[in-house]
Structures are given as structure tokens and as C-alpha cells.
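Please keep the structure open beside you as you read.

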Amino acid sequence: MDNLETSVEKFKALMSQQLERVNQIKRDSEWVDLSEKESIVIGVCWGDGIGESISNQAQRVMEYVLGDAIQQRKVEIRIIDGLTIENRVQHNKAIPDDVLAELRACDVILKGPTTTPQQGDPWPNIESANVAMRKELDLFACVRPVSVPEKNISWCFFRENTEGAYALGSQGFNVSDDLSVDFKIISEPGAERIIRMAFEYARKNNKTRVTVVTKSNVIKTTDGRFSDVAKRVAKEYEEFGISCDEWYIDIMTAKLIDEARASEFQVMVLPNLYGDILTDEAGQIQGGVGTAGSANIGKRYAMFEAIHGSAPRMVKEGRAQYADPCSMIKAASMLLQHIGYVEDAQKIQMALDITTQYEKKFKITGRDNGASGEEFTNYVLDWVQSANLVAEWERYTKNYVV
């Protein structure tokens, strides 16, 4: 009985926190317009594991295309240390207070992978730095584009970042020796803002279909709410010729690899865990999770990162220099797009398309039988600098509809 009463008190405290969070979402209505700022501060966090290796390469590309802006002090790049697992464990926090203060002093963040402890690790049970950063900076929208031109695939995923199964991932508890409980959270305003963002993206980019991914036939309360909100918001966009359909997460994982169906999908919006699953699968379809970047967007801040982990095994085996930097270079391109350097972002994306999808002069294998991250980045930079970049990209892509 004592355990049950303690569990009830814990649940009550958690729900009180969540109700306050929901009220805060309702209060926050204004978006920060970065175009109005005289100087934009970009924080670069290397993370840990292979994070430093691949973040360094992305930073090189970003500094090259932003050279004039940096010299004119329109852009400032700050290196932020302290997101290593060792430092986070030392402070027993997902993000130490001093590191969080540095992050808050930036407008946008380019972040390398960070290690998240799991059951059986030598590390204590601290929260994921990613989850913590998304909550602390209210980065509610994870936007992940995936393109596979030869398969006529052009997808954009909108994954809710601050709710779902991850929101209280480190705050579950054991009710007894035989029963453990975790929590899934979906709120009305939290669901609406991510769903509305997906539909707005569709409207502005001439997309005609938004697909909602849930398991609302089984997870009836939380996923059911997400589904209901999507249906309500969808009615507002019918006049723009945008249709809305709903698929369940299990069959959706199959349909992404269904060649007869995959190219029909355009924009997908989904709760946190499902988004994590599908975007990793989509990244693999694109050429591997190392090729996929990710934007985490809020009304005040934005963070851009790779979609994969810190790969400590590669570091332990001395292979960090062979880690694929494409995901971080892609993230840097998305960051530049976000802060208004659209042409520079497009150059980087074109160079990535040519080097990974078409010409493929160098191949990343993760081992010494392939190119190092530095060698591959030099290859990308050669194309970014090339006077023939646009013409060659158009030549390579002319046979594909994306």
C-alpha cells in the first residue's frame, strides 16, 4: 500500500508539472523574427563520441559559405563545450546550468550527437541531452526532409518533440517489485502547433497531402487526441487543395519501403516516438542515417543536428575520423536556410546531392577502406566552390521529379 500511495503522489506531481507546461504553451504566441537582428549568434556544440569529428567538418563548410558575413559581423559562431557525457555526469544533469546559459545566449545551434545512458551502462540515469534541450528551449518541431530522386521520393517529416513517449522518459517509476510504469503525454495545444506547422509547410511548398501517423486504434486517448486535432486542423486547409489521411505506425514502416506506394507520400506529421522510428528508416532509405540532418524549431530558438547517435564504438575502435559527416553538413545547410542564407544553403545541398547521389567519387564506409570525414568534406567543398555547381546539379537531376 505504501508503494501505491507513493506512486500516486509521484503521478500527481508529474501531472501538475504537465498542466503548467500546457498553460505555458497557451501563453507563448510570438515568434522571434531573426531577419530583424543585426547579428545572428550560431552556437556550435560538438557533443561527444563521433560528434567532434563530424561537427568539425560541418563547421568548416559553414564557415566557408558564411565567410563574408562573419567578417562583416553579421554572423558570430561560438563554440560551446560541456555537452560531453563525462561533464554531464559530473554535474548530474542532462545539460549543466552553465552550458544551458550559453545555449540560451545563441539564436540557433548546430549540435553534434550526444550519448544517452541506457539500462546497463556505467553512466547514471540522466535524461537525454536532446530531450532536455528540446524541452528547455521549447523546440517543439523536429523537421526532417528526406530526398531520393531516383525513386521520386521527396518527404518532409514533422515530428513532435516535447510530448509523447519521450517527454517523461526518465521519470517513470517502479510501483512495486513487479510493476514499472512510464508515461505518454499528448496535449491539445502541443498537438495543434506541430500539426498546423506541417499543414503550413504543405501550403507554402505546394504540397497536396499531409499524412498523420498514429496508433490511435489501440492507444486511444493520447494518439486519439492527436488524430482528432489533425482532423480538425485539416478542415481549414481543404480550400488550399491539401488532403489529409491517417496511417498507423506499424503499417507505415512497411509502406515507406513499398516502391508502389512510397513516392505518393509528401508531408508526414507524427508524435515523438513514431517520428524517431520513421525518420531513421527514411534516412536509411536515403542512403543511411549518416546522410540525414534534422531541424528542431521553436518560437524563439532553433537547433540543427544529425539524426543518429554518438557511435561510441567507433571512437573505441579508433574509427572516429571515418564517421560520415553528411548528416551534420546537411544540418548546417538547414540552419543556413533558417537564418536567411538561402542561396548558401542551396549550394551545400546541391553539393551533397552530387557527392552522395550521383557522382559518388568518394565513399564513406566508417572504416579505413573508405574516405575519411575530412576527405569527403573536401570533396563537398570542391563542389560548393565550383562555378559549374548549378549546371552540373541540373544535369544530374533533370531526369528526376522531386
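## Surface and charge

The chain exposes about 19,200 Å², and carbon and sulfur atoms supply 47% of that area. Keep in mind that this is a predicted model.

On the charge side, there are 47 positive and 60 negative side chains. The centres of these two sets lie 3 Å apart.

## Overall build

The chain has 15 helices and twelve strands. Its radius of gyration is 21 Å, close to the 21 Å that the globule rule gives for 402 residues, so the chain is as compact as a globular protein of that length. Along the principal axes, the C-alpha trace spans about 70 × 55 × 45 Å.

Turning to the interior, 52% of the 402 residues count as buried. Among contacts with a separation of 6 or more, 75% are between residues 24 or more positions apart.

Now for some backbone detail. Most residues other than glycine have a negative phi.

Where do they sit? N92 is in the loop between α4 (85-91) and α5 (97-104), while K360 lies in the loop between α13 (342-358) and α14 (373-385). N92 has a relative accessible area of 53%, so this residue counts as exposed, the cut-off being over 50%. K360, with a relative accessible area of 49%, is partly exposed.

Technical notes
Residues are numbered from 1 along each chain as its sequence is written. This is a predicted model: local features need pLDDT of at least 70, side-chain atom pairs count only at pLDDT 80 or more; totals for chains, interfaces and linings use all residues. Side-chain values use heavy atoms; hydrogens and water are left out. Helices (H or I, at least four residues) and strands (E, at least two) are DSSP runs, numbered from the N terminus. Buried means under 20% relative accessible area, exposed over 50%, partly exposed in between (1.4 Å probe, protein chains only). The radius of gyration is taken over C-alpha atoms; the globule rule is 2.2 Å times the number of residues to the power 0.38. Contact means heavy atoms within 4.5 Å. Accessible areas come from the Shrake-Rupley method with a 1.4 Å probe; for residues, only the protein chains shown count as cover. Lys and Arg count as positive and Asp and Glu as negative; His and the chain ends are not counted. The place of a charge is taken as NZ of Lys, CZ of Arg, CG of Asp or CD of Glu.
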